Amino acid sequence: MRATRKDQGEQFTLAGLARRLFVGELKLTDFRNYASAKLELDERPVVLVGDNGSGKTNLLEAVSLLTSGHGLRARPYAELCRKEGAGGFAVAARVMSRHGEVEIGTGIPFGTREDVTGRSVRIAGKNESAGALGEYVPLVWLIPAMDGLFAGPASERRRFLDRLVVTVDPLMRRPLSRYERAMRQRNRLFQLSEYSRALFEGLEQQMAEAGTAIAAARVDAIARLAGLIERTRLAQGEGPFPHAVLALEGTLEAGVGSRPATEIEDAFRLVLEQGRERDRAASRALEGPHLSDLIVTHGPKNAPAAHCSSGEQKALLIGLVLAKAELIREVSGVSPLVLLDEVAAHLDQARREALFAEILRLEVQAWMTGTDQELFAPLTQKAQNFVVNRGKIGT
């Protein structure tokens, strides 16, 4: 890479680029409705315009696979294969990451038609686990399916929260996986009518250790995010996107900060032990961090987010996602990728312009979709603009 580059009349230094995260090249093979596709990019925001069903969101979904997890729609991997293809798919990218430029590839083997539970990942030419991607590509997204986040089930808010947790600290993926695995195994013992005390005690000890680590990480992440939101509000006043007041509701989370971790562990292990027969009747654990909730309040109205109008909830959610992106930049030193699917269409002109201004201020490569190019007019000279039409990408 050259020491400097000039683009749209602006000078970018190599040192400046090294602090920014962006996809420099994206290649797809047999992914969704793309037989093959290739995008050459720089660090500016990316605008994808096209009719509904043309493949815009599919591109965002491909980018979302550059980080850990199952992607923004969390679909089975077999569903990501092109219907007319032979099975399998591949997503490859050249990314300027927090560790410098790196080649990332992921997918499932070509010829695969049945569902698979995992995907292959290569980072810098080496086979890695999908979890390793979180070290290279922090990423946040906002898609229409999240519009019901505040009024929907607590499980959706936990997923939103835990994505923040693992983005702030990628190592937290291990306790989250360990807790989920131990809990599933314990539930399986109930289904098998197993009564072995030693088996239950081993799994409950794992749940207690991992659950305490999860609770502590959640409390820390929310404290950081709430602190950033409050500092921003005090410094800049109430902006176009209302500020959120955040709290955690959960037995383990309530004890963090006031009790030693070992004491929380022991208490939770005892809860699991004493509640074993009750859990057996339910065939699942009725206590633990898998039931915790993120409580969000509309700050200016001092009202539960779930009770606000759909427009107020949308504005609150956008503000929360932007704050999440800024926190990641503050913690890691690099701004995350931001994926925004069909967001601009639901905002008035003032809020659209405020959103674009915030994207530029955060120096994020935001990938945005829409059906109307005019909605992105304020960004035309500051973004990379593409037209998507039935699996074909043009400018």
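Two strands count as paired if DSSP finds at least two bridges between them. Helices (H or I, at least four residues) and strands (E, at least two) are DSSP runs, numbered from the N terminus.

The model is predicted: local features need pLDDT of at least 70 and side-chain atom pairs count only at pLDDT 80 or more, while totals for chains, interfaces and linings use all residues. Residues are numbered from 1 along each chain as its sequence is written, and side-chain values use heavy atoms, with hydrogens and water left out.

**Stop 1: strand 14**

Select residues 337-340, which form strand 14. Leu337 and Leu339 on one side, and Val338 and Leu340 on the other, are all buried (buried means under 20% relative accessible area, exposed over 50%, partly exposed in between; 1.4 Å probe, protein chains only).

Trp141 has Leu339 as its bridge partner in strand 14.

**Stop 2: the core**

Select Leu355 and Trp367, which touch the most other members of the largest nonpolar core, a set of 114 residues. A nonpolar core is a set of buried Ala, Val, Leu, Ile, Met, Phe, Trp, Tyr and Cys residues joined through side-chain atoms within 4.5 Å. Helix 5 (residues 197-236) supplies the largest share of this core, 13 residues.

Around Leu355, residues up to four places away in sequence aside, look for contacts (heavy atoms within 4.5 Å) with Phe241, Ile318, Leu322, Leu340, Val343 and Leu347.

**Stop 3**

Go to the open antiparallel sheet with strand order 11-12-13. Strand 11 (244-249) and strand 13 (303-304) are its edges, each pairing on one side only. Helix 5 packs on the sheet, touching strand 11 and strand 12, and its direction makes about 165° with that of strand 11 (axes are lines fitted to C-alpha atoms, for helices over the stretch in contact, and angles run from 0 to 180 degrees between N-to-C directions).

**Stop 4: Arg32**

Finish at Arg32, in the loop between strand 3 (22-31) and strand 4 (34-40). Arg32 is buried, at 17% relative accessible area. Beyond four places in sequence, its contacts include Asn58, Glu61, Arg73 and Glu79.
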